Amino acid sequence: MIELTQGGAYLLNGTEIVPDGADAAAQIKNKTGQEISKCEAARNTIAYGILEAHNTSGNMEKLKIKFDKLTSHDITFVGIIQTARASGLKKFPIPYVLTNCHNSLCAVGGTINEDDHMFGLSCAKKYGGIYVPPHQAVIHQYAREMLAGGGKMILGSDSHTRYGALGTMAMGEGGPELVKQLLSQTYDINMPGVVGVYLTGEPVKGVGPQDVALAIIGAVFGNGYVKNKVMEFVGPGVAALSADFRIGIDVMTTETTCLSSIWQTDEQIKEFYEIHGRKEEYTELNPGEITYYDGMITVDLSKIRPMIAMPFHPSNTYTIDEVNANLKDVLHDVEERAKVSLDGAVPYSLQDKVVDGKFMVDQGIIAGCAGGGFENICAAADILRGSYIGSDGFTLSVYPASMPVYMELIKNGCAAAILETGAVLKTAFCGPCFGAGDTPANNAFSIRHSTRNFPNREGSKLQNGQISSVALMDARSIAATAANKGMLTPATEFDGDIGKYKYHFDANIYKNRVFDSKGVADESVEIQFGPNIKDWPAMGALPENLVLRVVSEIHDPVTTTDELIPSGETSSYRSNPLGLAEFTLSRKDPEYVGRAKDIQRAEKARMQGEHPCQAHPDVKPVMGVIKQSFPDVSHENTGFGSTIFAVKPGDGSAREQAASCQKVLGGWANIANEYATKRYRSNLINWGMLPFLIEAGELPFKNLDYLFFPGIRKAVEEKAETIEAYRVSVEDGALQQFTLTLGELTDEERQIILKGCLINYNRVQA
């Protein structure tokens, strides 16, 4: 079904794979009559050409990228614009789209949500942007319909910013990276590796894009095969997939931890642009005659079967047939994994979902940038047609990804077919994907064609004893399950017809409702602020030395951004840095906020010119131990704050709040064995936090210990390869030394850390 090469591979004429090895050059010459170096062949990827066209450094090993367009949603755009305003923003230099698809409902926090929406509209007018009102479209569907273009690059403040199927290299990053683009700065990365995804065959009836995506995620997530690389989809199987099908696979590449994605394009993608009235945006993209990839994933589409990603990660994949055939073993495995994900905070069992030997689910959701596409919903309608979901506990909700899609479903009768079953058709909203909509009952099991199934994404509150589960499936199998009133069923068991529906895009829906400045800024517009919209608190520069208290210690294999700062209703406070920070690690380590604020008192006192020992009783004995070996250290040249340890933090969302919330609570660093994603590490750096790395193994410190970092500012300035640190033991008056590293940092990143955060850096630059 899916095979991974052990090393790199060459692709000849887009149809033949030659694994890299001692005889690869001879094979290539024999087959093509050409001699080519690996470096030359690597330049023939589609990705290389697009990156080269957007690189401003003149050095393809050290990229400085300027994007064509930007996009954000209403969890992120307020913080981004506030940061950019504090840094001197006068006008959006490139098209910037502000969508309102995450906090569309004013269910929590009074007027907060709509206040933020009005902030966005007034900023689009003032700075020359585009504003998409609530319920019109989810962020990525609007980008596909109205922003994508062949050979273009788009940066979004949402991790699922992926438009590769349309020939657009798109990346999801934390807000500060968009701030840099708004200030005409660059996105700085090393040239990423490019992994080929070679598709053959065609899917069987009942298999959808989520099935293909989950199969790939299951094969590559755990081994890091594509981590921080670009996935390039090629091969004869591409032509067998419609544009919607490709889009459905593409958006899920985020869950592999890749950096971005790109696909070869053809007449089907050309037709997509023509349907949307933007035929000039189409560009045919293909790899070169001889192309080298840093790895190759071969996918036989004909062998993919309906998949399910069981709780609590998109990589926890099985075929649905496998689950049904081995219920006891699979459920036991999920329950054992849950002990790690949930820290044993609540009892967790799925055994009560087995009724007469069948697995019964409680809820179905087809939604968002992954599930809410036109073809997915049409296929679900055909499978559901003539059935009903029943009057018991099972529910089914369907969210078309945009109003134009919704309109076409009404016109072609698919909306009626769905509604007749007892299902509910709702407007474009990302809530079910990030834990702010359709929350199941306690102990319920939800199957969703959405992007993630992390703990808390479905609304669980472990501290209140509440837990429910989300599994990811394709819309087709969700419909087949709904037709069986909740009995887990693969769509390959459906023996009826799944039709092919022609899509007609109604551009007037956006023309009549979306505000588009056409890039014209109006300085006279006053920004509309709500009471909850607060400025960022003052943040100091990195001191000469640091004393940090470890205030959380997490040993899970991976820590998601949802665990660092929970999504869902907490996001209603996204525009209030201090208010949102109160939720940091609240579902993973409820003691974190109090501990971080406790030691932050010492730093606040220091910044106000007071002696920190008057603010915190631990400062005097800790400094006493330090001064025995470092007599020049004093409260004038030493900062105080907090740090956390996590094995591998940062998987998942691009939300910068996962880092900024730690920062506003006095965090100066993370310590990790590795970082799950480039975007989380970048968020730390842009908020002036040190991204420390420590070798795996027994830690030289524990939670609540004090750590001392002498000469940390000098170490950052002078690009020290290792960082000297000490555990401070007040009990025996000793300093126990250990070593950390910071990994590779650009000169700009070092300056951001030295200044204390991106805002400070940009103020100095201005």
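Ile80 counts as buried because its relative accessibility is 0%, where buried means under 20% relative accessible area, exposed over 50%, and partly exposed in between (1.4 Å probe, protein chains only). This residue belongs to helix 4 (residues 77–86); helices (H or I, at least four residues) and strands (E, at least two) are DSSP runs, numbered from the N terminus. The model is predicted, so local features need pLDDT of at least 70 and side-chain atom pairs count only at pLDDT 80 or more, while totals for chains, interfaces and linings use all residues. Residues are numbered from 1 along each chain as its sequence is written, and side-chain values use heavy atoms, with hydrogens and water left out.

- Leaving aside neighbours within four places in sequence, Ile80 is in contact (heavy atoms within 4.5 Å) with Ser72, Tyr96, Ser157, Gly175, Leu178, Val179, Leu182 and Glu656.
- Ile80 and Pro176 are 96 residues apart in sequence, yet their C-alpha atoms are 6.6 Å apart in space.
- Thr99 is part of strand 6 (residues 96–99), and it is buried, with a relative accessible area of 0%.
- Not counting residues up to four places away in sequence, Thr99 touches Thr71, Ser72, His73, Asp74, Phe77, Val132 and Ile139.

- You can find them as Ala475, Arg476, Ser477, Ile478, Ala479, Ala480, Thr481, Ala482 and Ala483.
- The cover over these residues includes helix 8 (209–220), helix 11 (320–325) and helix 14 (374–384).
- Strands also take part in that cover, including strand 20 (363–366), strand 21 (395–398) and strand 23 (445–449).
- Lys485 follows helix 18 and has a positive phi, near 60°.

**Aromatic rings and charges**

- A pair of aromatic rings is described by the distance of the centres and the angle of the planes.
- The structure holds 21 aromatic pairs; rings of Phe, Tyr and Trp (its six-membered ring) pair if their centres lie within 6.5 Å, with planes under 30 degrees apart counted as stacked, over 60 as edge-to-face and the rest as tilted.
- One of the pairs is Phe92 with Tyr96, which is edge-to-face at 5.0 Å centre to centre and 75° between the planes.
- Both Phe92 and Tyr96 are buried, and ring pairs link Phe92, Tyr96 and Tyr127 into a cluster.
- Phe272 and Tyr273 have ring centres 5.9 Å apart and planes at 90°, so this pair is edge-to-face.
- Phe272 counts as buried at 8% relative accessibility, and Tyr273 counts as buried at 0%.
- Lys485 lies over the face of Tyr388, at 3.8 Å from the ring centre; a charge sits over a ring if NZ of Lys or CZ of Arg is within 6 Å of the ring centre and within 35 degrees of the ring normal.
- Lys648 lies over the face of Phe221, at 5.9 Å from the ring centre.

**Sheets and hairpins**

- Look for an open sheet of seven strands in the order 31-30-28-26-32-33-34, with mixed pairing; two strands pair if DSSP finds at least two bridges between them.
- Its edge strands are strand 31 (690–693) and strand 34 (734–740), each of which pairs on one side only.
- From one strand to the next, the twist averages 30°.
- Strand 33 (residues 723–729) and strand 34 run antiparallel and are joined by seven bridges, with Ile723 standing opposite Leu740 in strand 34.
- Helix 22 (residues 592–607) lies across strand 26 (545–554), strand 28 (638–646), strand 30 (667–672) and strand 32 (706–709).
- The helix 22 direction is at about 160° to strand 28, with axes as lines fitted to C-alpha atoms, for helices over the stretch in contact, and angles from 0 to 180 degrees between N-to-C directions.
- Strand 2 (residues 9–12) and strand 3 (residues 16–19) pair in the antiparallel sense over four bridges, and Leu12 has Glu16 as its bridge partner in strand 3.
- Three residues sit between the strands of this hairpin, where Asn13 takes a positive phi near 55°.

**Cysteines**

- The count of disulfides (pairs of cysteine sulfur atoms within 2.5 Å) comes to zero.
- Cys123 is in no disulfide, and its nearest cysteine sulfur, that of Cys101, is 17 Å away; Cys123 is buried, with a relative accessible area of 0%.
- Cys661 is in no disulfide either, the nearest cysteine sulfur being that of Cys757, 14 Å away, and Cys661 counts as buried at 2% relative accessibility.
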